[in-house]
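Subject: Structure handover

Hi there,

Here is the structure I promised to pass on to you. Please have a look at it below, and then read on for my notes.

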Amino acid sequence: MTTNSHVEAQILHSDAGHHGHDDHGGGAHGSLKSYLIGFGLSVILTAVPFWLVMAGTIADKAVTALIVLVLAAVQIVVHMIYFLHMNTRSENGWTMMAMIFTVIMVVIALTGSLWVMHHLNVNMMPMHDMSQMP
Amino acid sequence: MSVAITTQSSIQDSEPVFHVIDEHAHPEGASTMLGFWIYLMSDCLIFAMLFATYGVLGGNYAAGPSPKGLFDLKLVALNTTMLLLSSITYGFAMLTMEKSKIVQTQLWLAITGLFGLAFLGIELTEFAHMIHEGATPQRSAFLSSFFTLVGTHGLHVTFGLVWLVTLMVQTARFGLTEANRRRLMCLSMFWHFLDVVWIGVFTFVYLLGMLR
């Protein structure tokens with residue numbers, strides 16, 4: 001009974017191991033086509049924000065900043081897919097899990113810091129007018 | 001006496017076992033890729049903290065120089081091009097490695113290294129220029145956080161280059177063995193990851209800095 005289940009476990013494991021080897025985890029190779037698509041998209045997604053800022057095409061700075069940020073986010077996704085070969089299958093989804101966790105941590109750290117410190121700055125402002133207070 | 005032994009052994013037999021008694025097979029390097037990916041994610045957190053620091057302190061010029069007077073976007077654009085080109089040439093190195101063409105792989109790795117060196121050279125020129133103008137890390141909170149963030153990225157590229165040269169020597173001496181392929185794939189992830197971080201740097205620091 002014990003040996004039987006052990007053999008079964010080994011078969012299961014070797015099957016999983018073979019599967020893991022097939023797609024080389026997070027570092028799977030792409031094809032020439034996928035690299036070139038990724039490169040082409042990256043060039044466009046880099047050139048456009050530089051052009052927007054350097055030429056000052058859009059007068060409203062807030063709009064320009066928003067577009068630049070969105071393009072950067074898109075380019076990061078492009079790099080993840082075409083250069084880092086991210087997908088939901090590699091390493092049985094564990095690379096994706098690790099990445100989702102990291103993204104959550106990064107978003108909390110960034111928005112949290114900026115939000116809290118912005119409000120701190122705003123609320124510090126009236127300090128300058130203390131002398132005019134009753 | 002013999003009765004005592006049998007009782008003891010029967011107790012041992014009946015004791016439940018909660019783990020796999022035999023060590024199951026762990027093929028060499030089977031977990032390297034996942035492990036390296038988790039390292040990259042932890043590195044990502046380091047950069048997130050540095051970005052957050054820059055985001056908070058980036059506007060505190062202490063009556064010193066501001067991004068508009070300091071940054072040269074043409075130079076940054078050139079730098080970005082260098083890093084992007086090195087990313088695609090590393091991709092070509094991976095493709096030729098897959099076909100076991102050792103000379104071509106080495107050639108693409110060398111080209112990648114040269115683009116990496118060009119990136120570092122341009123960045124150091126920029127830093128030297130800034131420091132010459134008095135915009136040192138000590139000048140203001142903006143400059144402290146700027147040099148920490150961009151400098152940390154530059155250090156990563158430097159160590160990536162050291163690693164690249166090491167692997168080229170390894171490949172030249174021992175060929176594209178299974179271990180060397182695995183190492184080259186780890187460096188591939190590292191290199192592309194640095195390019196991803198640079199997207200954040202040129203957007204968050206340089207482009208948004210000019211819009212401030």
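A crossing of two helices is called left-handed if the near helix is turned anticlockwise from the far one by less than a right angle, and right-handed if clockwise. Please keep in mind that this is a predicted model.

In chain B, helix H2 (residues 32-57) and helix H6 (residues 141-174) have axes that come within 7 Å and cross at roughly 160 degrees. Angles over 145 degrees count as roughly antiparallel, so H2(B) is roughly antiparallel to H6(B). The crossing of H2(B) past H6(B) is left-handed.

Which residues make the contact? On the H2(B) side they include Phe36(B), Tyr39(B), Asp43(B), Phe47(B) and Phe51(B). H6(B) contributes, among others, Phe142(B), Phe146(B), Leu149(B), His153(B), His156(B) and Trp163(B). By class, the residues of this contact divide into 12 nonpolar, six polar and one charged.

I also checked the cysteines. Seen from Cys186(B), the closest cysteine sulfur is that of Cys44(B), at 17 Å. Are these two residues buried or exposed? Cys44(B) counts as partly exposed, because its relative accessibility is 23%, whereas Cys186(B) counts as buried at 6%.

Technical notes:
Residues numbered from 1 in each chain as written. Chains lettered and ligands numbered in written order. Predicted model: local features only at pLDDT ≥ 70, side-chain atom pairs only at ≥ 80, totals over all residues. Heavy atoms only, no water. Buried < 20%, exposed > 50% of the residue type's maximum accessible area, 1.4 Å probe, protein only. Disulfide = S-S within 2.5 Å. Axes fitted to C-alpha atoms, helices over the stretch in contact; angles between N-to-C directions. Helix = DSSP H or I, 4+ residues; strand = E, 2+ residues; numbered from the N terminus. Parallel < 35°, antiparallel > 145°, perpendicular 65-115°, else oblique. Contact = heavy atoms within 4.5 Å. Nonpolar A, V, L, I, M, F, W, Y, C, P; charged D, E, K, R; others polar.
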